Amino acid sequence: MEPPILADKRHAEPSAFTPDNLLREARRQKGLPVGTVPQVCVLDPDADILRDVVAMGHARRDPAWACYHTELHVVGENEATFGLIGGVIGASFAVLVAEELFASGCEVLVSITSAGQIRRVGTPPYFILIERAIRDEGTSYHYLPPARYAEADPNLLDAAELALAAKGLSVERGSTWTTDAPFRETAATIASRREEGVLAVEMEAAALYSFANARGKKVLCFAHVTNQMALTVGDFEKGEANGARDALRLIEALVASIDRQ
């Protein structure tokens with residue numbers, strides 16, 4: 001029997017339920033005006049970046065953001081601003097919010113997610129610019145026909161790497177494995193992914209890249225490798241302010257580059 005997640009899909013047909021209509025009803029119920037979000041928005045699944053910028057007084061909540069499930073904060077001043085949403089963890093949640101952001105004026109979406117090391121290319125913490133991700137989650141199959149990987153836009157990858165290098169920031173580039181079930185990462189599967197050349201495991205990239213390809217949107221995903229899945233004591237050390245300061249430097253370099261385009 002064909003599994004339901006692969007059956008009766010019509011990828012070329014429009015959706016009956018749209019983010020525009022959902023946001024319209026949310027604004028009606030909440031009495032909110034129509035608003036737009038910054039050109040660049042960032043998903044922060046662990047919410048470490050959000051907690052840091054709020055504590056420092058560098059973020060302000062957007063009162064017009066109508067999402068039922070999240071709050072959006074605007075970080076920065078004048079042109080060099082970006083929208084930031086914390087706690088958007090997992091493939092389905094990330095794509096739900098991505099749909100709403102692009103319906104609200106976002107032009108470039110960046111995701112920076114905590115990830116577990118699969119193939120050792122450094123000592124955590126470090127960042128990976130995700131080129132492609134194994135589709136071991138459910139959301140991507142609603143956007144694209146079955147395939148092993150979801151691919152990033154190569155032009156967007158190259159532009160991001162140049163922007164980071166211009167600021168003296170280096171990242172690894174490579175593949176990740178997106179899963180819906182972090183507590184079902186067995187030793188045999190990890191070994192197989194490592195042999196395939198996968199660098200890290202995370203929970204959003206395959207779905208976000210599939211959404212981007214299906215909808216023609218600009219999405220860039222980073223894995224912040226912070227752990228080895230707690231296989232040793234003392235794992236999950238992310239760096240200064242739980243890695244928020246390093247992530248902010250990365251985001252600011254990308255925003256500055258996009259503003260110049």
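A: What follows starts with the cavities, moves to a strand, and ends with a pocket and some backbone details.

The model is predicted, so local features need pLDDT of at least 70 and side-chain atom pairs count only at pLDDT 80 or more, while totals for chains, interfaces and linings use all residues. Numbering starts from 1 along each chain as its sequence is written, and side-chain values use heavy atoms, without hydrogens or water.

There are 2 cavities of 30 Å³ or more. A cavity here is a set of points, on a 1 Å grid over the protein atoms alone, where a 1.4 Å probe fits but cannot get out. Points are joined across faces, edges and corners, and a volume is the space filled by probe spheres set on the points.

The largest cavity has a volume of about 90 Å³. It has 14 lining residues (those with an atom within 4 Å of a point). Closest to its centre are Asp-44, Asp-46, Asp-48, Ile-112 and His-224. By class, the lining holds 4 nonpolar, 6 polar and 4 charged residues. Nonpolar covers Ala, Val, Leu, Ile, Met, Phe, Trp, Tyr, Cys and Pro; charged covers Asp, Glu, Lys and Arg; the others, Gly among them, are polar.

Four elements each supply at least two lining residues: α2 (48-55), β5 (108-117), β10 (218-227) and α7 (244-260). Helices (H or I, at least four residues) and strands (E, at least two) are DSSP runs, numbered from the N terminus. β5 gives the most to this lining, with 3 residues.

Now β5 itself. Strands pair if DSSP finds at least two bridges between them. β5 runs parallel to β10, and 9 bridges join the two. Within that pairing, Ala-115 stands opposite Val-225 of β10. β1 (residues 40-44) is also parallel to β5, through 4 bridges. There, Val-40 has Val-108 as its bridge partner. β9 (residues 200-202) runs antiparallel to β5, with 2 bridges. Gly-116 is partnered there by Val-201.

The loop between β1 and α2 contains Ala-47. Its phi is near 65°, a positive value in a residue other than glycine. Most residues other than glycine have a negative phi, and most peptide bonds are trans. Ala-47 counts as buried, at 11% relative accessibility. The loop between β5 and β6 (126-136) contains Pro-125. The peptide bond from Pro-124 to Pro-125 is cis, with omega near 5°.

The second largest cavity holds about 60 Å³ of space. Its lining residues include Leu-23, Arg-27, Asp-62, Trp-65 and Ser-104. That lining divides into 5 nonpolar, 3 polar and 2 charged residues.

For comparison, consider the open space. A pocket is an open set with protein on both sides within 12 Å along at least five of seven lines. The largest pocket contains about 540 Å³. It is lined by 20 residues, with Ser-15, Phe-17, Glu-99, Tyr-143 and Arg-215 nearest its centre. α1 (19-30), α3 (91-103) and α6 (205-215) give two or more residues each. α3 gives the most, with 5. By class, the pocket lining has 9 nonpolar, 6 polar and 5 charged residues.

Methods:
Buried < 20%, exposed > 50% of the residue type's maximum accessible area, 1.4 Å probe, protein only.
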